[in-house]
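The sequence and structure are shown below.

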Amino acid sequence: KRMRTLGITDFADYLKLVCASDNLAERRELVSALTTNVTSFFREAHHFRYLAGIVIPALKTKLVNGHPIRLWSAGCSSGQEPYSIAMECLRAIPDACRHDFLILATDIDPAILRRAADGLFSEHDLGEICDADRQRFFDLGDSAGSYSVKEDLRRLVRFRELNLHGDWPMRRQFDAIFCRNVVIYFDESHQQQLWPRFHAALTDGGVLFLGHSERIQPLEGSGFQSIGVTIYRKARPDAVTR
């Protein structure tokens, strides 16, 4: 696709182009062409039931006691996951925007992040969202059959470009991390490098949500406890194996 766009017919020529030290722009285009961006609102519903029933009530208690709240959607794709998290939070905490409450949404693909930040979705995208939630959280878009995320939902979510295998500049720990259907694309050695980093990035008792085909293996010594289907809680801080 990129070769056709650039009018290049030889793979070796494209390889030279994309590897050139001064061609960051084309490498970013290549990342966008390679990444998989399959997602939907409230995907893997059991995670959102756990979020609403267990995690968010604990967050409300933390807010009452003056603590900041941080949630992370790692590999957020076109935005449905972080916006779904935000909807669950606003249902339980309608004034969340007036507190130190943030959902960080990151992805390696700059093009998909721009789309996510725009917050524009089609009728098909909103297929699983009931009429009441459409009215509460979305406005009609400028084009027929389109919907725009409302401002109170936007204010909870901050989109940033991030490579999970690079530096993580975030200073605060997270109360929950959603990293679903992402690590399945990494080889075992890179997966093993991520588990202790997620462990360190979570608050004590924080929760990690993985995709339906993903598991922390081996679980023993990882610093995590399995508390549901692809749901893990951070155990004691010294339990992780590095």
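In this predicted model, strand 4 and strand 5 (residues 146-149) run antiparallel and are joined by three bridges. Within this pairing, L140 stands opposite Y147 of strand 5. The two strands belong to an open sheet of three strands, arranged in the order 3-5-4 with antiparallel pairing. Strand 3 (120-122) and strand 4 (138-140) each have a single partner strand and stand at the edges, so one side of each lacks a neighbour in the sheet. Direction ignored, neighbouring strands of this sheet are turned against each other by 35° on average.

The nonpolar packing is considered next. The largest nonpolar core comprises 41 residues, and F41, L71, F101 and F138 have the most contacts inside it. Helix 4 (residues 45-64) supplies the largest share of this core, namely seven residues.

The surroundings of L71 can be given in detail. When residues up to four places away in sequence are not counted, L71 touches L59, I85, C89, F101, L102, I103, L104, F174, D175 and A176.

Where does Q217 lie? Q217 is found in the loop between strand 8 (202-210) and strand 9 (224-228). Q217 has a relative accessible area of 54% and is therefore exposed, the cut-off for this class being over 50%. Not counting residues up to four places away in sequence, Q217 touches Q192 and W195. Q217 and Q191 are 26 residues apart in sequence, and their C-alpha atoms are 9.1 Å apart in space.

How many disulfides does the structure hold? The number is zero. A disulfide requires two cysteine sulfur atoms within 2.5 Å. Two cysteines illustrate the result, as tabulated here.

| Cysteine | Closest cysteine sulfur | Sulfur distance | Relative accessibility |
|---|---|---|---|
| C130 | C89 | 17 Å | 40% |
| C179 | C76 | 11 Å | 0% |

The sulfur of C130 is too far from that of C89 for a bond, at 17 Å. The sulfur of C179 is likewise too far from that of C76, at 11 Å. As to accessibility, C130 counts as partly exposed, whereas C179 is buried.

Note on methods
Residues are numbered from 1 along each chain as its sequence is written. This is a predicted model: local features need pLDDT of at least 70, side-chain atom pairs count only at pLDDT 80 or more; totals for chains, interfaces and linings use all residues. Side-chain values use heavy atoms; hydrogens and water are left out. A nonpolar core is a set of buried Ala, Val, Leu, Ile, Met, Phe, Trp, Tyr and Cys residues joined through side-chain atoms within 4.5 Å. Buried means under 20% relative accessible area, exposed over 50%, partly exposed in between (1.4 Å probe, protein chains only). Helices (H or I, at least four residues) and strands (E, at least two) are DSSP runs, numbered from the N terminus. Contact means heavy atoms within 4.5 Å. Two strands pair if DSSP finds at least two bridges between them. Axes are lines fitted to C-alpha atoms, for helices over the stretch in contact, and angles run from 0 to 180 degrees between N-to-C directions.
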